[in-house]
Amino acid sequence: KVALVTGAGNGIGAATAKALAKKGAHVVMVDKNTPAMEEVDDDIQEMGANATLIPLDLSDLKAVDTLGPNVYDRFGHLDIFIGNAAILGPVTPLPHLNAGDWDSVIQINLTANFRLIRTLHPLLKQAQAGRVVFVTSGVTMLENPAYWGPYMVSKAGLEALTRVYAGECANTPIRVNSFIPGIVNTNMSAQAFPGRDSEDMATPEDVACKILDLCSPEYQNNGHLIAA
């Protein structure tokens with residue numbers, strides 16, 4: 001199987017890439033941090049598996065649009081797509097928020113995933129059981145998400161995008177779902193919750209195992225929001 005993971009250089013993305021490789025998938029890693037991806041690739045090679053590294057900044061939407069054709073030229077299909085990459089942006093009151101920061105978070109967390117759907121869908125159609133998982137956040141469940149501004153809006157939009165795409169794939173072999181990992185010991189969590197004890201958090205490896213379950217051909221739920 002061929003699996004594509006965005007944000008594969010660290011955290012949940014890196015752990016998921018390694019878990020997929022361990023299961024025998026050829027992983028296409030997408031991240032703007034090439035040295036970080038190379039470290040993940042070293043771990044994958046130690047397993048006796050192989051990966052393809054694609055340095056790509058998701059804010060470059062024209063480059064995102066070329067991803068599907070490039071993957072098609074090499075593999076001809078895509079079995080698994082994990083939309084994991086995201087940025088936190090400022091956690092601050094909306095009136096204090098810089099418009100450029102708003103645009104950046106919405107573009108990377110939401111708009112880029114629409115563009116990824118558009119460029120990767122033809123490849124997923126070629127798979128016997130295409131599986132798509134978008135990593136969202138429990139922030140969207142908060143009754144009073146003060147200060148979470150662009151991050152919360154982008155993730156709520158991503159969940160809506162997931163449901164739309166899932167509905168469009170309902171009569172196909174493709175299954176599309178959102179996944180809330182909870183608070184995980186990652187760089188983003190350290191930024192969002194400074195000073196919080198990492199022992200209270202899940203590990204990226206724990207989360208990756210749960211994401212793998214959603215990638216199985218036997219997993220038939222579609223358009224669901226699954227919490228870890």
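Analyst: Two residues are in contact when they have heavy atoms within 4.5 Å of each other. Happy to go through this predicted model with you on that basis.

User: Thanks! Which residues does threonine 16 touch, leaving aside its neighbours within four places in sequence?

Analyst: Threonine 16, a residue of helix H1, is in contact with Ile82, Ala208, Ile211 and Leu212.

User: Why is threonine 16 called buried?

Analyst: Its relative accessibility is 1%, and buried means under 20%, so threonine 16 counts as buried.

User: What makes valine 5 buried as well?

Analyst: The same cut-off of under 20% applies. Valine 5 has a relative accessible area of 0%, so it is buried. This residue lies in strand S1 and touches Gly13, Ala17, Leu20, Val27, Val28, Met29, Val30 and Ile82, not counting residues up to four places away in sequence.

User: How far apart are valine 5 and isoleucine 82, in sequence and in space?

Analyst: They are separated by 77 residues in sequence and by 4.8 Å in space, taken from C-alpha to C-alpha.

User: And leucine 142: why is it called partly exposed?

Analyst: Leucine 142 has a relative accessible area of 41%, so it is partly exposed. You will find leucine 142 in the loop between S5 and H6. From leucine 142 to arginine 115 there are 27 residues in sequence and 28 Å in space, C-alpha to C-alpha.

User: Which members of the largest nonpolar core touch the most other members?

Analyst: Leu20, Met29, Ile82 and Ile211 do, out of 32 residues. At least two residues of this core come from each of strand S1 (2-6), helix H1 (11-22), strand S2 (26-31), helix H2 (34-46), strand S4 (80-83), strand S5 (131-135) and helix H8 (204-214). H1 gives the most, with seven residues. As for isoleucine 211, it touches Ile12, Thr16, Ile82, Val133, Val135 and Phe179, again not counting residues up to four places away in sequence. Apart from this core lies another, of 30 residues, including Val28, Val71, Leu124 and Leu158.

User: How do you know that strand S6 is mostly covered?

Analyst: By going through residues 175-180: six of the six residues in S6 are buried. In a regular strand, side chains alternate between the two faces of the sheet. Here Arg175, Asn177 and Phe179 on one side are buried, and so are Val176, Ser178 and Ile180 on the other.

User: What makes S5 and S6 a pair?

Analyst: Pairing needs at least two bridges. Five bridges join S5 to S6, and the two strands run parallel. Phenylalanine 134 stands opposite serine 178 in S6.

User: How much space lies in the largest pocket?

Analyst: About 950 Å³. Rolling a probe the size of a water molecule over the atoms shows where empty space is left. Of the 39 lining residues, Asn84, Ala86, Ile87, Thr186 and Met188 are the closest to the centre of the pocket.

User: Which elements supply the lining of the largest pocket?

Analyst: H1, S2, helix H6 (149-168) and helix H7 (187-192) each supply at least two residues, and H7 gives the most, with five.

User: How many residues of that lining are nonpolar, polar and charged?

Analyst: The lining divides into 21 nonpolar, 14 polar and four charged residues.

Note on methods:
Residues are numbered from 1 along each chain as its sequence is written. This is a predicted model: local features need pLDDT of at least 70, side-chain atom pairs count only at pLDDT 80 or more; totals for chains, interfaces and linings use all residues. Side-chain values use heavy atoms; hydrogens and water are left out. A nonpolar core is a set of buried Ala, Val, Leu, Ile, Met, Phe, Trp, Tyr and Cys residues joined through side-chain atoms within 4.5 Å. Buried means under 20% relative accessible area, exposed over 50%, partly exposed in between (1.4 Å probe, protein chains only). Helices (H or I, at least four residues) and strands (E, at least two) are DSSP runs, numbered from the N terminus. On a 1 Å grid over the protein atoms alone, a cavity is a set of points where a 1.4 Å probe fits but cannot get out, and a pocket is an open set with protein on both sides within 12 Å along at least five of seven lines; lining residues have an atom within 4 Å of a point. Grid points are joined across faces, edges and corners, and a volume is the space filled by probe spheres set on the points. Ala, Val, Leu, Ile, Met, Phe, Trp, Tyr, Cys and Pro count as nonpolar, Asp, Glu, Lys and Arg as charged, and the others, Gly among them, as polar.
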